[in-house]
Amino acid sequence: MPSNPVYTPDLSACVGILLAAGAGSRYRQAGGATHKLQAPLPSGQTVAVQSALRLREATGQVLAMVAADDALLSAQLAASGCTVAAAPPVEAGMSATLAAAAAWLLAHAPQASHAVVALADMPWIAPQTLLSVARADAAHLIVAPVHAGRRGHPVRFARTLWPELAALSGDTGARGVLARHRAHEIEVDDPGVLRDVDLPTDLG
């Protein structure tokens with residue numbers, strides 16, 4: 001795990017944040033043989049790598065937040081073209097991981113204007129959905145896809161909101177930021193925006 005991620009000069013205006021630091025305890029408790037992010041998919045990729053590759057295709061640059069002791073996942077995501085950074089301890093919650101990512105981008109990505117936040121356990125989001133979110137009108141502070149009346153992932157945040165993201169704590173993700181600012185919703189025919197891997201049966 002690199003302690004000081006290397007800044008890439010060609011960072012695009014819209015970057016990706018891949019949250020890949022969860023423990024995946026429910027998956028293992030339900031009989032999963034590996035961490036859920038290492039589960040293989042029909043594409044030949046693991047859950048995390050497919051999520052990373054699709055996000056990178058849409059944004060060009062992805063900052064992957066990985067548990068500090070997960071050397072295997074760190075190496076896989078680095079090989080997939082991601083910049084890898086150590087996330088806070090899992091006990092700190094998802095909000096802390098997102099806060100660390102936002103703080104890193106504020107410090108190292110001065111020309112980036114938006115960040116698309118995606119979860120590493122959601123590998124089925126269609127490439128076109130990711131592109132639609134990444135390329136939505138820059139005037140929108142928050143952009144999120146909606147399928148069958150339900151808001152899903154990923155969610156794009158304008159740089160203006162990154163300080164709020166960097167101040168998050170706990171395990172509620174960005175709900176507080178979403179509650180304070182209205183999200184521009186994009187209707188998509190993509191059930192992948194709602195589908196994650198929580199249990200081994202979710203892979204079927």
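Colleague: How does the lining of the largest pocket divide into nonpolar, polar and charged residues?

Modeller: First, a word on the basis: this is a predicted model, where local features need pLDDT of at least 70 and side-chain atom pairs count only at pLDDT 80 or more, while totals for chains, interfaces and linings use all residues. Residues are numbered from 1 along each chain as its sequence is written, and side-chain values use heavy atoms, leaving out hydrogens and water. Ala, Val, Leu, Ile, Met, Phe, Trp, Tyr, Cys and Pro count as nonpolar, Asp, Glu, Lys and Arg as charged, and the others, Gly among them, as polar. On that basis, the lining has 22 nonpolar, nine polar and nine charged residues.

Colleague: Which residues lie nearest the centre of the largest pocket?

Modeller: On a 1 Å grid over the protein atoms alone, a pocket is an open set of points with protein on both sides within 12 Å along at least five of seven lines, whereas in a cavity a 1.4 Å probe fits but cannot get out; lining residues have an atom within 4 Å of a point. Grid points are joined across faces, edges and corners, and a volume is the space filled by probe spheres set on the points; the largest pocket holds about 980 Å³. Of its 40 lining residues, those nearest the centre are Leu19, Met94, Leu119, Asp121 and Asp171.

Colleague: And how much space lies in the second largest pocket?

Modeller: Its lining has 14 residues, with Ala21, Gly22, Ala23, Ala67 and Asp69 nearest the centre. By class, 10 are nonpolar, two polar and two charged. The space in this pocket is about 150 Å³.

Colleague: Which element gives the most to the lining of the largest cavity?

Modeller: The structure holds one cavity of 30 Å³ or more, and the largest cavity has a volume of about 50 Å³. Helices (H or I, at least four residues) and strands (E, at least two) are DSSP runs, numbered from the N terminus. H2 and S4 each supply at least two lining residues, and the top contributor, with three residues, is H2.

Colleague: Why do the buried residues of H5 line one face of the helix, and within what arc do they fall?

Modeller: Buried means under 20% relative accessible area, exposed over 50%, and partly exposed in between (1.4 Å probe, protein chains only). In H5 (residues 127-134), Thr129, Leu130, Val133 and Ala134 are buried. Taking the directions from the helix axis to the C-beta atoms, these residues line one face because they fall within an arc of 130 degrees.

Colleague: Is Ala148 buried or exposed?

Modeller: Ala148 is found in the loop between S5 and S6. Its phi is positive, about 55 degrees, although it is not a glycine. Most residues other than glycine have a negative phi. With a relative accessible area of 67%, Ala148 is exposed.

Colleague: What is omega for the cis peptide bond of His153 and Pro154?

Modeller: Pro154 sits in the loop between strand S6 (150-151) and S7. The cis bond joins His153 to Pro154, with omega of about 5 degrees.

Colleague: How far apart in space are Tyr27 and Gly93, C-alpha to C-alpha?

Modeller: Tyr27 belongs to helix H1 and counts as buried at 5% relative accessibility. Tyr27 and Gly93 are 66 residues apart in sequence, and their C-alpha to C-alpha distance is 17 Å.
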